[in-house]
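Let's take a walk through this model together, one group of residues at a time.

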Amino acid sequence: MQSIGVVVIGRNEGNRLQACLRSVIGKGTSVVYVDSGSTDGSVALARSLGVHVIELDLSIPFTAARARNTGFEHLLQIQPELEFVQFVDGDCRVVEGWLERAVNELVAKPDVVVVCGRRREEFPTNSIYNRLCDIEWNTPIGEAKACGGDSMMRAIAFKKVGGFNPTLIAGEEPELCVRLRQARGKILRIDAEMTSHDAQITRFRQWWKREIRNGHAYAEGAWLHGGSPERHWVRESLRSWLWGLLLPVLTLASLLPTRGLSILLLLIAYTLLGYRVYRLARFKGFEKKDALFYALFCGVLEKYPKLLGQIQFHINRLLKRQRTLVEYKSAPSVS
């Protein structure tokens, strides 16, 4: 365990941060907390628990990627022999036994550079949006193309590819995994409990902002790696343009010639799309209620905020404007 370091990142996570830090301290590992301008007492809390604390420079735009890179660099300073690094977001709690299980996988499989497990939503019944998060994180077991914000990585592989891209405001983990796989590394999702997450998404507006952020990630990922053989996030991006813009525009353009029939055809198309996603979700083992909500939100409605996120990315890119982090979670205070 002395060859492991933990990097925790956060911004105004309140008591979620306390639970996160307590889940990793006292394990014989070095723990670094990187704070992105919290105003809720998070820094004082982390210091009181005895972890290494880094406060990011406020003059440079915050990104999760920048925070993780900074934490990793500090880990190398205090632990030069570092072999493995566990990244975890401050709104997550690491499950007992995960660190040992992840290390065993990396030791046993030298070609694997990233290992991740099951991230679960801690309160999936608090809102449909929390439940959707829990469904989203239930990815297939085995070799994967990408990981999430919580994962253990081989330090030498992470360093070799230059770490996370600090300019990305979202989607930094899949982008890093593209480069790791291009360097012949493997990403592995194992059948093990990894982290418990507290999303606190209780309002439609929060979910909408989160999907805007995801759309931005799709656009930027496709812009950076869409020309590679795997066409990173090109298909996902095109779906938003097709269902969120092209079909609605064609519907409006043909409204008069079809005497309003085009609207009916559009509704039928959306219904068929939702039904297709519903059937796929049921095939994967989703309960009927979960499959229905997943089809509605993740099959149909998400196309619009994701389209907005893509448009924002391309406008900012063309105008060379600074991109800022889209906040969608509440900021509870530390008790």
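The phi angle of Arg 231 is near 55°, a positive value in a residue other than glycine. With a relative accessible area of 47%, Arg 231 is partly exposed, where buried means under 20% relative accessible area, exposed over 50%, and partly exposed in between (1.4 Å probe, protein chains only). This is a predicted model, in which local features need pLDDT of at least 70 and side-chain atom pairs count only at pLDDT 80 or more, while totals for chains, interfaces and linings use all residues. Residues are numbered from 1 along each chain as its sequence is written, and side-chain values use heavy atoms, with hydrogens and water left out.

Arg 184 also has a positive phi, near 75°, and is likewise not a glycine. You will find Arg 184 in the loop between helix 7 and strand 9 (186–197), and at 77% relative accessibility it counts as exposed.

Helix 7 (residues 172–182) also contains Glu 172, which counts as buried at 4% relative accessibility. Apart from neighbours within four places in sequence, Glu 172 is in contact with Ala 64, Ala 65, Arg 68 and Phe 164, contact meaning heavy atoms within 4.5 Å.

Arg 68 leads us to the salt bridges. A salt bridge here is a side-chain nitrogen of Lys or Arg within 4 Å of a carboxyl oxygen of Asp or Glu, and the structure holds 22 of them. In one of these, the side chains of Asp 89 and Arg 68 meet at 2.9 Å, N to O. Asp 89 lies in strand 4 (residues 84–89) and Arg 68 in helix 3 (residues 64–78), so this pair ties together parts that are 21 residues apart in sequence. Asp 89 and Arg 68 are both buried. Asp 89 forms another salt bridge with Arg 119, where the closest N and O atoms are 3.3 Å apart. That pair links distant parts of the chain, from Asp 89 in strand 4 to Arg 119 in strand 6 (residues 112–121), 30 residues apart. Salt bridges that share partners join Arg 68, Asp 89, Arg 119, Asp 150, Glu 172 and Glu 173 into one network.

Now look at Glu 96, which forms a salt bridge with Lys 27, their closest N and O atoms being 2.8 Å apart. Glu 96 sits in the loop between strand 5 (92–94) and helix 4 (98–108), and Lys 27 in the loop between helix 1 (15–22) and strand 2 (30–35), so the pair ties together parts that are 69 residues apart in sequence. Glu 96 is exposed, with a relative accessible area of 64%, whereas Lys 27 is partly exposed at 24%.

What about the aromatic rings? Rings of Phe, Tyr and Trp (its six-membered ring) pair if their centres lie within 6.5 Å; planes under 30 degrees apart count as stacked, over 60 as edge-to-face and the rest as tilted. A search of the whole structure finds 14 aromatic pairs. The rings of Trp 207 and Phe 297 have centres 5.2 Å apart and planes at 85°, so the pair is edge-to-face. Trp 207 lies in helix 8 (residues 204–225) and Phe 297 in helix 11, so the pair ties together parts that are 90 residues apart in sequence. Trp 207 and Phe 297 are both buried. Ring pairs link Tyr 129, Phe 204, Trp 207, Trp 208, Phe 293 and Phe 297 into a cluster.

From Phe 297 we can follow the chain onward. Helix 11 (residues 288–301) packs with helix 12 (residues 303–319) at an angle of about 35°, with their axes 6 Å apart; axes are lines fitted to C-alpha atoms, for helices over the stretch in contact, and angles run from 0 to 180 degrees between N-to-C directions. Cys 298, Gly 299, Val 300 and Leu 301 in helix 11 meet Lys 303, Tyr 304 and Pro 305 in helix 12.

How values were computed: Helices (H or I, at least four residues) and strands (E, at least two) are DSSP runs, numbered from the N terminus.
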